[in-house]
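Biologist: Hi! I'm new to this one, could you walk me through a few parts of it?
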Amino acid sequence: MEFEGVLKEVENLRDEMVETLVELIKIPAISPDYGYEGEYDKAQKLLEIIKDWSFDKVEVYNAPDERAKNRVRPNILAYYYGEKGEESERLWILTHIDVVPPGDLSKWTVTEPFKPVVKDGKVYGRGSEDNGQSLVASLYAVKAMMNLGIRPKRTVILAFVSDEETGSKYGIGWLMKEHPELFREDDLVLVPDGGNEDGTFIEVAEKGILWFKLRVKGQQVHASMPDKGLNAHRVALDLAYNLDKRLHEKYSERDELFDPPESTFEPTRGGNPVDSPNIIPGEHEVVFDCRVLPRYSLDDILRDVEDVAEEVKKRHRKELDGKVLPEIEVEVLQRGDPAPPTDPNSEIVKLLKEAIKELRGKEARVGGIGGGTFAAFFRRKGIPAVVWATLDETAHQPNEYAKIDNMVEDAKVMAYLALR
């Protein structure tokens, strides 16, 4: 009966959940990596919202970042103790307060990115689904228990962290490095930052992630006299083609736990600074996004990148003005080595499967994704973590939205994890 009461209270809080999500969407929280101020204002709003709630402890850990507002990237931990107080088993629910930039504003046809609109059972705005929907769901799963004076079986630690969208250097990565005492090997961890439309997919494994930039330097000349320079664009095309071919052929094994089941190597960005068709460019850049099965080493992949670069340099070698060209630089933009998967028979997986079965009458399945989420940080520490949420998968898109029913129903599942 206690649990049924919590479910009813979550429903009673539906309108308040929508209001809270709307207020949070209004505040941009975009990384200084994109030229913005970071998460400070949004973190302050969140602290204001929960200041009179019955959390037993609220802690703020500010990662220093000179580029950000007030030179910090805030991370908030809010504790609601279980029935055995601080000795209770612990459940972490981690969401992030940062969002990606709006992108092409002309594509936002329902509303402007930071002017949220509630329409047809959805809340539109940047960050509504990623990660506002789950952030608010976690808050109100706990508030429902607070309102009824119920202590959960497990202490719930709600973590609202910065910098997820650009690598977590100032978020969970920083917390684990600077404050390892916060974490225990027997913690249960839910990261509600991935899933599917009916909430039946539980992510237990992630591929490694590697982003790198290839910067080619040749020599710019007029297009009518190509022999007097070196076309960086042509060199970059050769490099990208042969590297793409090498990586796909060498790292071609499949693992059906993942979708897609193979490693992926995608050239995602490229270009040169010339603005006229009759100029041979002296510079060109290509960026690759690689999602790599755990069986492979990212170091091996980077060695292959260097090897192919050397082969391309030899093919196009030219001496001009006392310099040997082309030059090819490899810059790693982001790296996340694959973590060991969470055991599909671990307690957090079993609990989540039970919750989905009991509350929704559906059988959940486990699998892997391309990466990367907070879960990998916990898995590297030997702490089982799962990624799960009910999402329409509109993250990073124009007209991003959160479905209100998904937010409410996911809050009920989170409450189940805490109480049962």
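Modeller: Happy to! One term to start with: a crossing of two helices is called right-handed if the near helix is turned clockwise from the far one by less than a right angle, and left-handed if anticlockwise. Also keep in mind that this is a predicted model.

Biologist: Good to know. Which hand is the crossing of α2 and α3?
Modeller: That crossing is right-handed.

Biologist: And at what angle do the axes of α2 and α3 cross?
Modeller: Roughly 155 degrees, with the axes of α2 (residues 14-25) and α3 (residues 40-50) coming within 10 Å. Angles over 145 degrees count as roughly antiparallel, and α2 and α3 are therefore roughly antiparallel to each other.

Biologist: Which residues meet there?
Modeller: From α2, Thr20, Glu23 and Leu24 meet Lys42, Lys45, Leu46 and Ile49 of α3. By class, that contact has 3 nonpolar, 1 polar and 3 charged residues.

Biologist: Which residues of α2 are buried?
Modeller: Met17, Val18, Thr20, Leu21, Val22, Leu24 and Ile25.

Biologist: How far apart are the end C-alpha atoms of α2?
Modeller: They are 17 Å apart, which agrees with the 16 Å that its 12 residues should span at 1.5 Å a residue.

Biologist: Changing topic: where is Ser168?
Modeller: Ser168 lies in the loop between β6 (155-161) and α5 (172-178).

Biologist: Is Ser168 buried or exposed?
Modeller: Ser168 is buried, with a relative accessible area of 4%.

Biologist: What is Ser168 in contact with?
Modeller: Leaving aside neighbours within four places in sequence, Ser168 is in contact with Asp163, Gly173, Trp174, Phe374 and Phe377.

Notes: Residues numbered from 1 in each chain as written. Predicted model: local features only at pLDDT ≥ 70, side-chain atom pairs only at ≥ 80, totals over all residues. Heavy atoms only, no water. Axes fitted to C-alpha atoms, helices over the stretch in contact; angles between N-to-C directions. Helix = DSSP H or I, 4+ residues; strand = E, 2+ residues; numbered from the N terminus. Parallel < 35°, antiparallel > 145°, perpendicular 65-115°, else oblique. Contact = heavy atoms within 4.5 Å. Nonpolar A, V, L, I, M, F, W, Y, C, P; charged D, E, K, R; others polar. Expected span 1.5 Å × (residues − 1). Buried < 20%, exposed > 50% of the residue type's maximum accessible area, 1.4 Å probe, protein only.
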